[in-house]
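Me: I would like to go through this structure with you. Please start with the terms, then the details.

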Amino acid sequence: MFDFAIAGVTAPIPLLIFVGFTVGIVGGFIGVGGGYMVTPALIVFGFPGYMASGIDMTHIAGKGLVSTLRHRQLGNIDWTLALSMVAGTMLGVELGVRLLVYFKKLGIAGIVLLITSVVVMFSLFLYTQLETRRAHRKMKDLGAGGVDPGRELQTSSLPRLFQSIPLRPIVRCRTARVVVSMWVIVLVGLVTGFLAGFLGVGGGFIRVPALVYLVGASTHIAVGTDLVEIVFSGGYGALRHSIEGHVDMMAVLLMLSGALFGAQFGSIATSYVRGPAIRYILSYSLILATLGAVMRLIYVLSGQKAEVLSFLAVILTLGEMAFLCMFILSLVWFARRHKRGEWVPDWVKPLVIS
Amino acid sequence: MTAAEKDMAVAGGKDLPIVKRLLNSMWFYWMFLLGISLGIAAAIYLIWLRGTV
């Protein structure tokens, strides 16, 4: 146990490092900050809500930078896409925060927030899961026919629709190999930023599917590009929270000591798998986060009396991180075995790069 | 047995030992179970440290 003087709480050091490490792996792999996992975990450890957000945001800024540098080395960042989106994202976040303030004045912010996050996350989970299963099957068929499916395959028809919008200026994103109207990129940034600002999260779990399914970027590029956005938004959030005094640097440093290793591992792990594997992990993380939000919703609706829910919340919050982390580690392990020509489960073959 | 036949045997799962068959079909559930077990362990660790979750 460590006494965090600024936050005024005592929390276990191993669990903080564990959270940093696991969320680092997951964040580097699926291109999210992981705020929807870290903030509830910190609250579970006893940190007050505002401190949890501040610590989470500051640690995301540091971890995001490490993941971004790794993804840059791996060639997963499209700078044109990233920088075009920043303007839309910032405007969207501002609009989202204003709507949140409006709901706060009405006194219904808590319930609206939880219902919106459940609806958004569950819809994203459903679409990602269904599309990825289709892509997985198609990759399996291609592999069975002796055709190498390459690193990416997605079956959604939405990117073609959005890429055909003829509004000038048209942007050529060379790394992502996408030619699309800049207004589409700005609009994607605006909408995802709006949802992120309204829900009070970084928004990686909305932006990555949006970049894949609307703009048409490959999953690896979406992950790397989204991490650039996270560095900007996380850095700004960290500054704001630090000025407000919502950051306990000791907690941030402890989490970062785990996250710096985890983020590098998670980023490198993307080079072992094909796009659908990343989308699977993203969709699993979405459904688990949805479950957490449903539990909080039940807690609020039951007049904050269901004590057993707080115990279940601890299990789910820490359990989901461990599960996602181990799933990623096992994919890398299977990928290495597959490369060496050793036996791997049948479902793994279409998901890993051989 | 050719490589393609080996693959088919794996896909059918008939000739595989039980461990490989379980890995083939239920890896997700094993990982989930292990993750949740670690979550329970962490919750017990917190209770041991603080007396409450």
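Me: Which strands make up the hairpin in chain A, and what sits between them?
Reply: The hairpin consists of E3(A) and E4(A), with four residues between the strands. Strand E3 of chain A covers residues 170–173, and its pairing with E4(A) is antiparallel, over four bridges.

Me: How do the side chains along E4(A) point?
Reply: They alternate along residues 178–181.

Me: What about the backbone at Arg177(A)?
Reply: Arg177(A) has a positive phi of about 55°, although it is not a glycine. The residue lies in the loop between E3 and E4 of chain A. For context, most residues other than glycine have a negative phi, and most peptide bonds are trans.

Me: Is Arg177(A) buried or exposed, and why?
Reply: Arg177(A) is exposed, because it has 12 C-beta neighbours inside 10 Å and a residue counts as exposed at 12 or fewer.

Me: You mentioned peptide bonds. Where is there a cis one?
Reply: The bond from Arg168(A) to Pro169(A) is cis, with omega near 0°. Pro169(A) is located in the loop between helix H6 (158–163) and E3 of chain A.

Me: Let us step back. What is the secondary structure of chain A?
Reply: Chain A has twelve helices and four strands. Its radius of gyration is 20 Å, close to the 20 Å from the globule rule for 354 residues, so chain A is as compact as a globular protein of that length. The C-alpha trace of chain A spans about 60 × 50 × 35 Å along its principal axes.

Me: How much of chain A is buried, and how far apart in sequence are its contacts?
Reply: Buried residues account for 54% of the 354 residues in chain A. Of the contacts in chain A between residues at least 6 apart in sequence, 78% join residues at least 24 apart.

Me: Now the largest nonpolar core. Which residues touch the most other members?
Reply: They are Ile281(A), Ile328(A) and Leu331(A), in a core of 117 residues. H12(A) gives the most to this core, with 16 residues.

Me: What is Ile281(A) in contact with, beyond its sequence neighbours?
Reply: Leaving aside neighbours within four places in sequence, Ile281(A) contacts Phe29(A), Ile30(A), Leu324(A), Phe327(A) and Ile328(A).

Me: On to the contact between the chains. How many residues does each side provide?
Reply: Chain A provides 19 residues and chain B provides 19 residues. On the side of chain A, the largest share, 13 residues, comes from helix H12 (residues 308–339) of chain A. The residues on that side divide into 14 nonpolar, three polar and two charged.

Me: And what does chain B look like?
Reply: Chain B has two helices and zero strands. Of its 53 residues, 17% count as buried.

Me: What confidence does the predictor give to the chains and the complex?
Reply: Chain A averages a pLDDT of 86, and 99% of its residues score at least 70. Chain B has a mean pLDDT of 71, with 62% of its residues at 70 or more. The complex receives an ipTM of 0.72 and a pTM of 0.85. Where pLDDT is low, the predicted coordinates should not be read in detail.

Me: Where in chain A is confidence lowest and where highest?
Reply: Strand E1 (residues 2–4) of chain A is lowest, at a mean of 78, and helix H10 (residues 249–269) of chain A is highest, at 92.

Terms used: Residues numbered from 1 in each chain as written. Chains lettered and ligands numbered in written order. Predicted model: local features only at pLDDT ≥ 70, side-chain atom pairs only at ≥ 80, totals over all residues. Contact = placed C-beta atoms within 7 Å. Nonpolar A, V, L, I, M, F, W, Y, C, P; charged D, E, K, R; others polar. Rg over C-alpha atoms; globule rule 2.2 N^0.38 Å. Buried ≥ 20, exposed ≤ 12 C-beta atoms within 10 Å, placed from the backbone. Pairing = 2+ DSSP bridges. Core = buried A, V, L, I, M, F, W, Y, C linked by C-beta atoms within 7 Å. pLDDT = per-residue confidence, 0-100.
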